[in-house]
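Dear colleague,

I am handing over the structure below, and after it you will find notes on what turned up in it. Please read them with the sequence and the model side by side.

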Amino acid sequence: MTDPARGARARGSQTATKDVLRSRLRARRTAVPLPAGDRTARALALSAAAPAVACYVSLPEEPDTHSLIETLAAGGTRILLPVLRREPDWAWYTGPDDLTPGWRGIPEPTSDRLGPEALAQAAWIWVPGLAGTPAGDRLGTGGGWYDRALGHASADTRIGLLLHDGELLDALPTDPWDRRVDVILTASATVWRAE
């Protein structure tokens with residue numbers, strides 16, 4: 001028989017462990033300049049042939065996605081961007097002038113909202129995170145938005161994580177609902193998920 005109190009304590013401990021790791025990784029990102037490498041070129045090589053790609057507009061401390069979004073859009077790829085509310089939502093990218101600060105100042109499109117099911121149109125999804133592992137585990141920024149959103153992706157959609165060097169770790173604390181990624185791009189490496 002399962003003890004609900006013990007399960008709750010374990011989840012609380014897991015959350016606390018993730019929060020400590022998030023704090024440490026965020027501090028590292030702001031403490032030292034992190035190289036850009038050729039991550040954007042590799043992300044383009046992987047996803048440029050897709051008719052639709054989901055991405056996010058990066059903040060200054062994150063690996064840059066601005067040039068990835070602009071280059072994909074210029075090549076005719078349609079770009080879905082997140083609309084960060086409690087429940088996942090998406091909208092088409094229509095240009096940098098049509099972005100507005102959303103939750104926590106994260107830029108989001110002003111175009112029509114498409115709902116969570118729109119993600120099924122994307123052949124590639126580039127997600128943010130603070131760390132990843134060769135097994136494809138991802139430490140997100142907290143809140144589980146992408147884990148909920150990725151439930152609407154097509155089964156054959158590729159998921160990529162953009163990280164800085166030093167954020168590829170041997171192991172991460174995970175929860176049953178955490179969704180694995182297929183590939184991690186750091187400034188200097190491309191790491192496909194070990195099967």
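The lining of the largest pocket divides into 14 nonpolar, seven polar and 16 charged residues, where Ala, Val, Leu, Ile, Met, Phe, Trp, Tyr, Cys and Pro count as nonpolar, Asp, Glu, Lys and Arg as charged, and the others, Gly among them, as polar. This is a predicted model, in which local features need pLDDT of at least 70 and side-chain atom pairs count only at pLDDT 80 or more, while totals for chains, interfaces and linings use all residues. Residues are numbered from 1 along each chain as its sequence is written, and side-chain values use heavy atoms, with hydrogens and water left out.

A pocket here is an open set of points on a 1 Å grid over the protein atoms alone, where a 1.4 Å probe fits, with protein on both sides within 12 Å along at least five of seven lines, and its lining residues have an atom within 4 Å of a point. Of the 37 lining residues, Trp103, Thr141, Gly142, Gly143 and Gly144 lie nearest the centre of the largest pocket. Helix H1 (4-31) gives the most to this lining, with eight residues; helices (H or I, at least four residues) are DSSP runs, numbered from the N terminus.

The structure also holds four aromatic pairs, meaning rings of Phe, Tyr and Trp (its six-membered ring) with centres within 6.5 Å, called stacked if the planes are under 30 degrees apart, edge-to-face if over 60 and tilted otherwise. The rings of Trp124 and Trp126 are stacked, because their centres lie 5.0 Å apart and their planes are at 10 degrees. Ring pairs also link Trp90, Trp145 and Tyr146 into a cluster.

Best regards

Notes:
Helix = DSSP H or I, 4+ residues; strand = E, 2+ residues; numbered from the N terminus.
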